[in-house]
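Me: I would like a close look at a single part of this model, read slowly and with its limits kept in view. Once that part is clear, please carry on into its wider setting, in one connected answer.

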Amino acid sequence: MHILLVEDNDDDIELTQLAFDQNRIANRLDVVKNGEQALSYLFRRDEFAHRKDDPLPALILLDLKLPGLHGLEVLEQLRANSTTRHLPVVVLTSSREQEDMLQSYERGANSFIRKPVDFGKFKEAVHQLQLYWLVLNESPFKQPQED
Amino acid sequence: MDESAFGTLAQGFIPHGHCYLWTPSLVMLHAGSDALIGLAYVAIPIALLMVVRQRRDLPFSWMFVLFGVFIVACGLTHLVEIWNIWHSNYWFSGGVKFVTAAASIPTAYLLFRLLPTIRSMPTRDDLVYANRALKNANYELEQFSSAVSHDLRAPLRRMSGFSEALKNNHSGQIDEQGQHYLDRIQEASHNMEAIIDDLLSLSRLQREALKNETVDLSRIAERIVTELQQEDPERRVEVDIQSGLTLQGDANMLTMALKNLLSNAWKFSKEQSQARIRVGETTVGGRRVIYVNDNGIGFDMSLANKLFEPFQRLHGESRYPGTGIGLAIVDRIIRKHGGEIWPESRKGEGSTFYFTTEWRRD
């Protein structure tokens, strides 16, 4: 089981990876850096066409402020497609705007998390996320042989 | 001359009917027209009076009243004209004309004097334009707070994250002084986060609509004090919250206001051996007010006017940390409700914040 991180900022990618490492999370973290790439990855097209048989990620961590296609648009397209409609999507953003949160839920986000400034708290949040979505939560995408 | 046939010869004058040679159609034409003009001239001021009474916001309403008087006077001159077809009360009609003249001269004079003011009044288009400009400014403000929310927070998080990673993962290579610097970076990031959060609250207050619900301030205060105690378990503070403090307002906003007032009371009483915080209600000048009182360090009342301005602090930041925005938020919340807030304090003798609860909203 792996997790997909949609995040354009290298520092944030590094910090998320660091939080994964420090939490000793064994799941692979795939990273795409913009909305278009996220859709190509999930729909297995363009540069990802050769990975047609790879399982979909068990969880998507989605940043909202992405260059080009906005995070909310990515979410909308995921929810419109039958293969990705039920994928758990956690919006992970710096924004504290109420509007962003409402819009995310409106478009079918499973969860909305504001990245804490404090790295310790961020680490804890990543730990909880992994525990909940990859261990506790039963997903239609969970493949028994991977357990 | 037969008076009964030709009208009265008052004061020896001949009635106007003579000038018309008593031609019935001509007499009817003059009498009828004068009657209609007179009627209209009396009706117009009634309309003006209604406008003035129903639209009390109208500028120069006194001009409408003056117009009304002038037009009624004009109407009277026409009615007297009818009378004078048969009666020759020319002194009386002259008198009525004189009154009309007396009303018309100041009306005309004042109208001319009013011209520059009328000309400078914003037109409908001006107002539409100004409204659009305001909407744009508001939109930009929203964009700004969204930028503050995201774009300022993100780099801050990275600074905090990497300095913590440095501290945790590379502690062997950093001496004690270096660790201390890393702690300073951490704390500064937390401070800035708190400032960004408070600034956002302040700007959001302006945009958000006020809810009207019954708010139990006593319960909210109890909850806030419990939270303060949890964050600061060492402190022993005697807290006295009067029960049943309810009022109408926006629960979220009033909670935010009370939280700021109580955490100030908590913070500024920390050097007292027997700290005490009281929340209750009383009457000031016949008005019901709610107060938050502490026996902390207090402040010099001559600086009270600075208290509610953002980023103003009366005490050193290192001893009493805070963003300096808390009371500005409280002030804005109370004013948004239509209430008033004021402090009462003396240096070294604690302070009390009062706010009114009978909101006056226009």
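Reply: A:Asp46 lies in the loop of chain A between helix 2 (35-43) and strand 3 (59-62), and what follows should be read as a description of a predicted model. The phi of A:Asp46 is near 50°, a positive value in a residue other than glycine. Most residues other than glycine have a negative phi. A:Asp46 counts as exposed because it has 11 C-beta neighbours inside 10 Å, where 12 or fewer is the limit for that class.

B:Leu21 is not a glycine and has a positive phi of about 55°; its place is in the loop between helix 1 (3-6) and helix 2 (24-54) of chain B. With 8 C-beta neighbours inside 10 Å, B:Leu21 therefore counts as exposed.

A leucine in a helix of chain B gives a contrast in burial. B:Leu199 lies in helix 6 of chain B, and it is buried because 20 other C-beta atoms lie within 10 Å. Leaving aside neighbours within four places in sequence, B:Leu199 is in contact with B:Val148 and B:Ile325. Its C-alpha atom is separated by 9.4 Å from that of B:Ser149, which is 50 residues away along the chain.

The contact as a whole takes 15 residues from chain A and 16 residues from chain B. On the chain B side, helix 5 provides the largest share, with 12 residues, and by class that side has seven polar, five charged and four nonpolar residues. For the complex, the predictor gives an ipTM of 0.77 and a pTM of 0.61.

Further along chain B, five strands form an open sheet in the order 2-4-5-7-6, with mixed pairing. Its edge strands, each pairing on one side only, are strand 2 (237-241) and strand 6 (341-345), and the twist averages 20° from one strand to the next. Strand 6 and strand 7 (residues 351-356) of chain B pair in the antiparallel sense over five bridges, with B:Glu344 standing opposite B:Thr352 of strand 7. Helix 7 (residues 217-231) of chain B packs on this sheet, where it touches strand 2, strand 4 (275-284) and strand 5 (287-294), and its direction makes about 165° with that of strand 2.

Helix 8 (residues 251-268) of chain B has 18 residues and reaches 25 Å from its first C-alpha to its last, close to the 26 Å expected at 1.5 Å a residue. Several of its residues are buried, among them B:Leu254, B:Leu258, B:Leu261, B:Ala265 and B:Trp266.

A word on confidence belongs at the end. Chain B averages a pLDDT of 87, and 96% of the residues score at least 70. Over residues 1-6 of chain B, however, pLDDT stays under 50, and the model has seven contacts beyond four places in sequence for that stretch. Where pLDDT is low, the predicted coordinates should not be read in detail.

Notes: Residues are numbered from 1 along each chain as its sequence is written. Chains are lettered from A and ligands numbered from 1 in the order in which they are written. This is a predicted model: local features need pLDDT of at least 70, side-chain atom pairs count only at pLDDT 80 or more; totals for chains, interfaces and linings use all residues. Two strands pair if DSSP finds at least two bridges between them. Helices (H or I, at least four residues) and strands (E, at least two) are DSSP runs, numbered from the N terminus. Axes are lines fitted to C-alpha atoms, for helices over the stretch in contact, and angles run from 0 to 180 degrees between N-to-C directions. Two residues are in contact if their C-beta atoms, placed from the backbone, lie within 7 Å. Ala, Val, Leu, Ile, Met, Phe, Trp, Tyr, Cys and Pro count as nonpolar, Asp, Glu, Lys and Arg as charged, and the others, Gly among them, as polar. The expected span of a helix is 1.5 Å times one less than its number of residues. pLDDT is the predictor's confidence in each residue, from 0 to 100.
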